[in-house]
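Have the viewer open and follow along from one packing contact to the next.

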Amino acid sequence: MTFATGNAARFVGQSVKRREDPRLVSGHGRYVDDITLPGQLHVAFLRSDVAAGRIRSIDTAAAAALPGVRAVYTGADLNSVSGPLWTTTNGPPADGPPLLPLAADDVRFVGDPIAAVIATSRYLAEDACELIEVDIEPIAAVATLEDAMADGAHVVHPEIGSNVMEFPAAPDPELDEIMAGAAHVVTRTFSMTRTTNVPMEGRAILASYDSFSGELRVWPSTQSPHEVKAFASRVLGIGEHQVKVEFGDVGGGFGQKMYVTREEAVVLLAAKLTGRPVKWIEDRRESLMAANQARHDIATMTMATDEDGHFLAATFHLVEGVGSYPAGGGSTGGGMLVAMMFTGAYRIPKVSFSCTTVYTNTCGRAPFRGPWAVETIAREQMIDAVAREMGIDPLELRRRNVLHQSDLPYSLPSGLAYDILSAEETLEQAVASLDWESFRALQAQERAAGRYLGVGLSLLVEPSAVAFGAWATEAATVRIDVSGKVEVLVGSGSHGHSLETTIPQVVADHLGCALDDVVLRQGGDTPYGPGTGGSRSAVILGGAAQAASTSLRAKVVEVAAHVLEASTDDLEVAGSVVSVRGTPTKSVTFAELAGLSYLNPAMLPPGLEPGLEASKRYSPPSPFTWSNACHLCVAEVDPLTGEVTLGRYIVSEDCGVMINPMVVEGQIAGGVVQGIGGAMYEEMTYDVDGNPLATTFLDYLIPTAGEVPEIEYCHIETPSGSLGGYKGLGEGGAIAAPAAVANAINDALSPLGAYMTQFPITPSRILHALDS
């Protein structure tokens, strides 16, 4: 297999500056709150301040009488007139809690929306919320997984009948026999922390309904314009063709904005009922309290090895908390993907997986940059734990078990198959970049001097380009307009990850136009697509754009051959000009060809359809396009204070053909920072009564530039089997980083006898472990 360092493409592979940046960094982006419509009203929500309770009464009279208030809605007003709130990509849920815009007879978490005030300003709406009198009979809430699983516990959703859903492992006598006879068997439990996505822009929506035309216009902050369109259609009972989604800039999402939520349904309903434009902008307290939580996972792993450290078998039991109302309406988070791929980049011939899903009276779970991340976070810490038990270096244990090129194609125990992978290569590249042996020598010297340094590894296989069911395809329309410029229409929902730059790079290369001539159009009036998520944009959207561009290029060449009286084989296309190879003066521009195609079609070759436009829908050859990476972290722990300082952080990434290396490194960096946050800082805590204790950034800590080390990047480019050879990488940084950090900290603490298995690894937890 060849590991390329680049390609000969004109734009693909180049670090083209992001087109989005000039407007975004200068403050000229257009977010939902930047849009103001005539007669616009604003929404504020009255939210529950108890985690569980029965609503005895709601009195909205005083709020409704406040000057400037146009309407006050409760569940009694909206729930019966709302259409269903399920999502297009998931379909109507077979299980899960009832999906209603507002709380009806009871509340099920602190932040549960009880009423919505529609007023001429957000300030008035907030004031009116304070005038609403709600009588709630509190019920003993279940805020922890242990409380929710206890016998006789309060049931979060009576409609389901239980807080617990069990997915047991199938009996496997052969695996039991392997475990019983293995030379080494190690069991550890790793507890993730409940975190949240924290996008810069919270949830936001502006909706305007025209009762005369029956048309709804929506300005959302979303990852999926077409999901918004379909959702609005269902909620309001109108046709999708009557919904127009206007897509602007989105201040991050990381999975949180994949699905439309209850509050956004309220805004849609209010716009129709009031006949006025209605806006809701989520504030930070609402975001931390009620948007979503993620990573509330406890993983117990057992690994068996032979005398030489070769993996023989592994079991994985996951307990996942999904809160009260998990986004999308389902009951499980990433359990299915965890089950399918927790063996990662290693040869582990025999496995079993079981899962316990638990509802609690807390904010609901939603996707967060690798919802299945626990499979890597737990496994990579587990490998270090096994190495420690065996008394060998964690690098050596990985080398004995990592997949080699000779193993490919490799079938996982789950039945999934790796076709193209470079796990061993990324491992060795990262280790060489550090100079592992020299670091071990330095580490020993520093320990003797009283400094405690550690190094941690984390290998990742990312199932990018999720492509099954509603996620299987994306479409692109590439059009040369009358002036010769190029429009690309796609159904994606870019939320900060450079699609305005990377997709035009693909189009410019494969159409042969100037990069500056290409503009990307997104939104609801584009070909249907499920949106951005699952690291699918480069592979599936890029593949669709490439296919459409190639098709249009063929037509451009055919028209140009007719005009230039030349063979199509003798023509070359570059810079929006078609010329005869070897005779550059004999040429025709895209603008000239467009003029002929649109304004003088009689001059086209006989039988050729007028116009210059091509549409293609693309689905990759596999349900997953595998990318992989190795993360390496160096950390120092101060045993007197528990403070952790991260030193070097190295990432060796293989995301196939890189469309834009600068964007690739930006994606890696963003993920790594979020992973460091989950490993060391971020924690969405609740007290025993279900009250959230982190509703501001004073309590919910996120890493800043001062805490994040400079990230060093190494690249391997192994083309995938998908069109263009691209692979996705958007979630890998957040998935691999927590284990790399944890392993580095535990390596530093190893001479002191402390061992950390609970995230976040804070100074107080380190000091407690040292004192234990």
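Start with H11 and helix H19 (residues 732-749): their axes come within 7 Å and cross at roughly 25°. Axes here are lines fitted to C-alpha atoms, for helices over the stretch in contact, and angles run from 0 to 180 degrees between N-to-C directions. The angle makes H11 roughly parallel to H19, given that angles under 35 degrees count as roughly parallel, over 145 as roughly antiparallel, 65 to 115 as roughly perpendicular and the rest as oblique. The helix and strand labels come from DSSP runs (helices are H or I with at least four residues, strands are E with at least two), numbered from the N terminus.

A word on the ground rules: this is a predicted model, where local features need pLDDT of at least 70 and side-chain atom pairs count only at pLDDT 80 or more, while totals for chains, interfaces and linings use all residues. Residues are numbered from 1 along each chain as its sequence is written, and side-chain values use heavy atoms, with hydrogens and water left out.

Back to the pair: H11 passes H19 in a right-handed crossing. Handedness is left if the near helix is turned anticlockwise from the far one by less than a right angle, and right if clockwise. On the H11 side the contact (heavy atoms within 4.5 Å) uses Thr-376, Ile-377, Glu-380, Gln-381, Asp-384 and Arg-388. H19 answers with Ile-735, Ala-736, Pro-738, Ala-739, Ala-742, Asn-743 and Asn-746. Sorted by class, the contact of H11 with H19 has six nonpolar, four polar and three charged residues. For that sorting, Ala, Val, Leu, Ile, Met, Phe, Trp, Tyr, Cys and Pro are nonpolar, Asp, Glu, Lys and Arg are charged, and the others, Gly among them, are polar.

H11 (residues 374-390) also meets helix H12 (residues 394-401), with axes that come within 8 Å and cross at roughly 110°. That makes H11 roughly perpendicular to H12, and the crossing of H11 and H12 is right-handed. Glu-380, Ile-383, Asp-384, Val-386 and Ala-387 of H11 touch Pro-394, Leu-397 and Arg-398 of H12. The residues in this contact of H11 with H12 split into five nonpolar, no polar and three charged. Follow the chain into the loop between H12 and strand S16 (410-411) and you find Pro-409; a cis peptide bond joins Leu-408 and Pro-409, with omega about -5°. Another cis bond runs from Phe-759 to Pro-760, with omega near -10°, and Pro-760 lies in the loop between H19 and helix H20 (763-771).

S7 pairs with strand S15 (residues 350-359) in the antiparallel sense over four bridges, and Phe-167 has Cys-355 in S15 as its bridge partner.

Strand S2 (residues 53-59) and S6 pair over six antiparallel bridges, with Ile-55 opposite Ile-136 in S6.

Elsewhere, strand S27 (residues 644-654) and strand S28 (residues 711-715) run parallel and are joined by five bridges. The chain gets from S27 to S28 through helix H18 (residues 661-680), in a right-handed β-α-β crossover. Right-handed here means that, with the strands pointing away from the viewer, the path from the first strand over the helix to the second runs clockwise.

Notes
Pairing = 2+ DSSP bridges.
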